[in-house]
Amino acid sequence: MRRNCLSFRYHLVGLTVLGLATLLSLPGPLSGQSQSAATEQEKGLPVKLSLPEGWGKVLTWRSIGPATMGGRIVALAVAETDPSTWWVATASGGLLKTTNNGITFEHQFDREKTVSLGDVAVAPSDPKLVWVGTGENNPRNSVSYGDGVYKSTDGGKTWKNRGLKKSFQIGRIAIHPTDPDVVYVGALGRLYGPSEERGLYKTADGGKTWNKVLSIDDKTGIIDLRMHPRDPETLIVATYERQRDGYDFNDPAKKWGAGSSLRKTTDGGKTWTKLTKGLPACKLGRIGIDYYRKDPRIVYAVVESEKIGTGPPEVVRGTAYMGVGGQDGVRGVELLEVTQGGPADKAGLKPGDVLVGIDDQPLRTYRGLLEIIRGHKPGDKLKVSRRRGQEVKVVNLTLSNRAARPDAPGGGDRPFLTALGGQVENVQDRQGANGPEYGGVYRSDDGGDTWQRVNSVNPRPMYFSQVRIDPSDDKNVYVLGIALYRSRDGGKTFRPDGARGMHGDQHALWIDPHDGRHMIAGTDGGHYVTYDRMDNWDRLNTTAIGQFYHVAVDPRRHYRVFGGLQDNGSWGGPSFTRSFTGPINEDWVAIGGGDGFTCRVDSTDPDLVYFTSQWGGIGRINLRTHETARMKPADRSYRFNWNTPYLLSHHNSRIVYYAGNYVFRSLDRGNNLRVISPEITATAKGSATALAESPRNPNVLWAGTDDGYLWVTRDGGKEWTNVTKNVGLPGLRWVNSIEASRFEEGRAYVVFDAHRSNEEKPYVYATEDHGQTWRPLHGTLPSWGTTRVLREDVDNHDLLYLGTEFAIWCSLDRGQTWQKLNNNLPTVAIHEIAIHPTAGEIVAATHGRSLWILDVTALQQVTSHAVSAKARLYRPVSAVRWAMEPSRGRTNRRFVGDNPPQGAVLFYSLTEKAQAAGIKVVDIDGKTVREIKAEAEPGLHKLVWDLTGEPPRVGGGRPRPGAGPPRGRPVAVGTYRVVLAVDGVEHSQTLKVEPDPIAPTAPYILEDEEEREGVKQIVD
C-alpha cells in the first residue's frame, strides 16, 4: 500500500515540475583532497570485515553464455606445419586454441593480469612457442589495455610475462622463421595520451632483454609489422600517431599525424628508411601491410590519408543519398535518424519506422540497405516498404546526390567519403590527378621502395586498415572492413561481397599458403572458416566471448537475463534451463539491433523489456505480444552518449528517465520525453553517462557526465545541485556509474573512470548526505585497474559489489576493505552487475566473456558474528522442483552453459575443525527425511540436497553399467527444517520446497531411476 501511495504522490510531483530547472551552483576549483565526512557519519560505518582466507573458494561462477553472437577478434595465428592447430586472439576475452580445425576450442590466457589482446603469433619453427601482445590495438572507444607481452613454451597452457609492461597496446608481433629467440614487437602505446614505451622492440634471447630498434616519439607507436617471407632481416613497419579524447565519438580525436608512416629495414632493425615514393605526402593515419609470399618483391598496403574522400564532386555510382541512419532491427531495419529535407524525409519516413523491403525484395540488415543505396545513382526511384506500429505501407522514394550536401558523408569537397570516415571503392580514376594523395590500396613491385595506388577503397580506416594477398596468387587481394572486399585482378576492382553469411567488421584474415580457398576470418561477431574462397562461411560460435555492456534481470524465480553487446544488438535468455544441460545458443532471442547497451525490465510486467543502441536510441518490446516502439526526443540539437543512460522508476515503472546533455522524463513508458534539468555537461561535447533514482524517495535523482560533472536533485527535477567539487577528485573524470542506496535516502555510490584521462587508477566514492561530503572507497584496491560499476546488495546494506577492468570485488563493510570475487571467473572487464531480488544470485556482464552468475546467498549473510562463530548455518533460498523439459535436437558443435545444482543449496561455515558434523532435513512432523554427510574442516562449505528422501539400501546385486548411486523418492512440496549438527550442537534454518510456478501440479519427472539414468546418458 505504501508503494502505491508513493507512486500516486510521484505522479502529482511529476506533473508540476516539467521544464528546465534553475541552476543552483557551479563547481569551483577541484580540490586534491576529499572533504572529511562528519564524525557521526564515520561512527555509522560497520566494523571492518573480510572473508576469512579460503572461504571464497566455494563461491564459483557459472557461465550461461551466450555464444550466439561471438565477440571482436583481433588476430589469428596458425601452425602452418599443422593448419588444424590455430589460435584466436580476442579483443577482450582472452585466447582460444583449437587442435581440430575449429570443431572444439580451449580457453587460454584466462588468469593473467589482463585478457585484452592485440596480437598472437606462433613460432614457424616450433608450434609450442606462442607469443601474445596484450591490449587491443584498435583505437575505438571501448578498448581495454594490457601489460606487455607474454610467452608460452607449451602451446598456450602456461604463460610468462616477458616485459614491455607499459606498452598498453600491442600492434603486431613477428617471430624469426628459424631462430625463435628473435622476436619483434610493435608497441602502440597509450590510447588516451603520450607514453614512452612506444616503437619497435627486438629481442634476441627469447624475451629476456629488449632493444628498441625504432622510435618516432612518445605519441607514435607501431600498428603493423611484416617480415620478408625469405629474408628475416628485412621488415616493413607501419607507424601510427593516434589519440582519443574523453568522449565516445566514432573516430579518435587525432587519427592522422606527422608520425604515421611506412618504414623499412634490411639489417634487422639497425637502420631504417622512410618509404615515401608514390605514397601520400600529407599526414597519414592507420596503415596495413602484406607481402606476397610467392614473390616478396610484391607488397600491398592500405593507407589512410588526411585527404581521404577528396575529389571533384561528380555524380557517380556510389554517391546516391537516402538521408537515413539506422540499425539492424528484430524484423527489418530500424530508422534512428531521418535527415530533414532529405529523400527519406520527403517520402514521409520517420525515426522509429522499420524498413522491411525495397523494390519487393526483403530487407534484413542496415548493411544490406547501404549496399542497395550504393548500387544506385542519384535520381533513381525506389519502392520502400515500411512498418510503423502495426501498419505496413509502400512509399516512393527518389535518391539524391550525396555530393549536394556538404554536411553529409561524401558531401562538399569529399564526395568519395563513405559513412564512418571511409573511402569508396573503384573510383581511383575519378578522383583527379591528385588521387594518389587521397589514400586507398597501394602496390609495390620492388619490395616497398616505390608504390603505385591501385584502388581507392579504404573502409573506416581507423578500425580496419587490413589488406591480405593470396599467398599463391597475387590477383586475389582482400581488404577488410565493414564489408569484406575482394579483388580478382590484383586490386584494380573490388567487390564488397566477401562477407556473405558472415558478421561484418573484419579485423583478421588468414589465408592458407597451400590452398587459397581455405581462409579463417575474425570479425566483431566471432570467427569463421571458408573452404571455397569466401563464397560460403562456417561460423564457429561455440565459445562465449560476447562483449556485454550491461545486464538486467526480470523478477521471476526462473528469471531471464537481458543485455546489450558491442556491435551485436541486445538479447535475452534464461538464467538456467529445465534440462540436464544449461542454456544453449538457441535459447537466446534478439530484442534490439545496432550496438546494444542498457536493458531494463518492467517490474510489473517481465515481458516488457527496454533496450538501447548507440547515440540515444531507446526502444521497448513486449515479448508476449511482439509489439515494439522507439523513443527519442525529436529535437536533434540534444547530445547523447554512445552508451546513453536511462532507467525505469523504482516507484512507478511507467516513468522513464533518460539523459543526454539534459535529463529527460517520460510519464508514459518513454513517450513524450520532457526536459527536467538544466544543461548538465561541463563542455559543449559532453553528454550523460550515468543516471540513478533513489529507491527510497522518488524525488531524489542523480546524473553524471562523460566530462566529469555530477548532479543531484531532491525535488524531482525542479532544482539541481552540481556536487562535483565536493568529491575531491584530482580533476574532472568520466562518471561511470551511480548507485543510489535502497537503505538510506542520502546515501549514494559513484564510480569514476580515469583511463580516459590517461590514468588507470580506481576512483570510488560514497556520500551519506546527498553529495555534500564524500568518502573515498578505493584505498584497498590495486592502483592499476579502471573502476567500472558499483552495485549495492538487495538484502545486506554493508555488502557492495564492484566491477573493474580486470576483476570483480566485494566489500562486506561498505567499502572500507575489498576482496576479489573472481575465483573461476577470467580476468575480464566487468561492465555491469545485476542482483536478483529473490534468487540469491548476481549476474556479471563481462566485456569479452558473456554472462556469468554467482550464488551469493551465504555472502549476503556473512557478518562479524558469522565469521567468529564456531558454526553457522546460513538461511537457504527456497528450492523449486522444476518440471524438466524434453531434450532437444543437438549437434556435436555447440555451446552449452552451466545450470545451477538441482535441488536446495545449503551453505554453512566452521571456524575450527569439528570432531563430527552432519546435516539432516526434517519435515513438518519432525521426521528426518534425509541425512547428509558434512565436512568438518574449517571454512565455508556448500552442499546440495536433491529434494529426495533417503535412498534405498543397495542389495548384493551388481549395479547396472553407467548407473549412478541410488536415489530416494522425491519429497513433497512444503516447509522443512534443515539442521546442522556440529559436535553435538544444533543450528537450524527453515527451507521451503516450492512447486514449479509454470507447472505447479506436474508430477516429478523421471521418478524411475532407470529412466532417469537413460535420459542422462542420451543427453550426455
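Biologist: How do S38 and S39 pair, and over how many bridges?

Modeller: S38 and S39 pair in the antiparallel sense over 2 bridges. Strands here are DSSP runs (E, at least two residues), numbered from the N terminus, and two strands pair if DSSP finds at least two bridges between them. Please note that this is a predicted model, in which local features need pLDDT of at least 70, side-chain atom pairs count only at pLDDT 80 or more, and totals for chains, interfaces and linings use all residues. Residues are numbered from 1 along each chain as its sequence is written, and side-chain values use heavy atoms, with hydrogens and water left out.

Biologist: What is the mean pLDDT of the protein?

Modeller: The mean pLDDT, the predictor's confidence in each residue from 0 to 100, is 90 for the protein, and 91% of its residues reach 70 or more. Over residues 1-41 the pLDDT is below 50; beyond near neighbours in sequence, that stretch has 85 contacts in the model, a contact being heavy atoms within 4.5 Å. Residues 404-408 also have pLDDT below 50, with 8 contacts beyond near neighbours in sequence.

Biologist: Back to S38 and S39. How many residues lie between them in the hairpin?

Modeller: There are 6 residues between the two strands of that hairpin. Alanine 552 has phenylalanine 562 in S39 as its bridge partner.

Biologist: Which strand do 6 bridges join to S39?

Modeller: That is strand S40 (residues 569-574), which runs antiparallel to S39. Valine 561 stands opposite glycine 573 in S40. S39 and S40 form a hairpin with 3 residues between them, and aspartate 567 in the turn has a positive phi of about 55 degrees.

Biologist: Where does histidine 558 lie?

Modeller: Histidine 558 lies in the loop between strand S38 (552-553) and strand S39 (560-565).

Biologist: Is histidine 558 buried or exposed?

Modeller: Histidine 558 is buried, because its relative accessible area is 19%. The cut-offs are under 20% for buried, over 50% for exposed and partly exposed in between, with a 1.4 Å probe and protein chains only.

Biologist: What does the side chain of histidine 558 reach at 2.8 Å?

Modeller: The side chain of histidine 558 reaches the backbone oxygen of phenylalanine 576 at that distance. The histidine 558 side chain also makes a polar contact with the side chain of arginine 578 (2.6 Å). A polar contact is a pair of N or O atoms within 3.5 Å; within protein, one must be able to donate a hydrogen and the other to accept it, and residues adjacent in sequence count only if both atoms are side-chain atoms. Leaving aside neighbours within four places in sequence, the contacts of histidine 558 include Trp882.

Biologist: Changing topic: why is S54 described as largely enclosed?

Modeller: 7 of the 7 residues of strand S54 (residues 734-740) are buried, so S54 is largely enclosed by the rest of the structure. S54 pairs with strand S55 (residues 748-753) in the antiparallel sense over 6 bridges. In S55, valine 750 is the bridge partner of isoleucine 738.

Biologist: And which residues have the most contacts inside the largest nonpolar core?

Modeller: They are Leu59, Tyr801, Ile842 and Leu859, in a core of 32 residues. A nonpolar core is a set of buried Ala, Val, Leu, Ile, Met, Phe, Trp, Tyr and Cys residues joined through side-chain atoms within 4.5 Å.

Biologist: Which strand gives the most to this core?

Modeller: S62 gives the most, with 3 residues.

Technical notes:
Helices (H or I, at least four residues) and strands (E, at least two) are DSSP runs, numbered from the N terminus.
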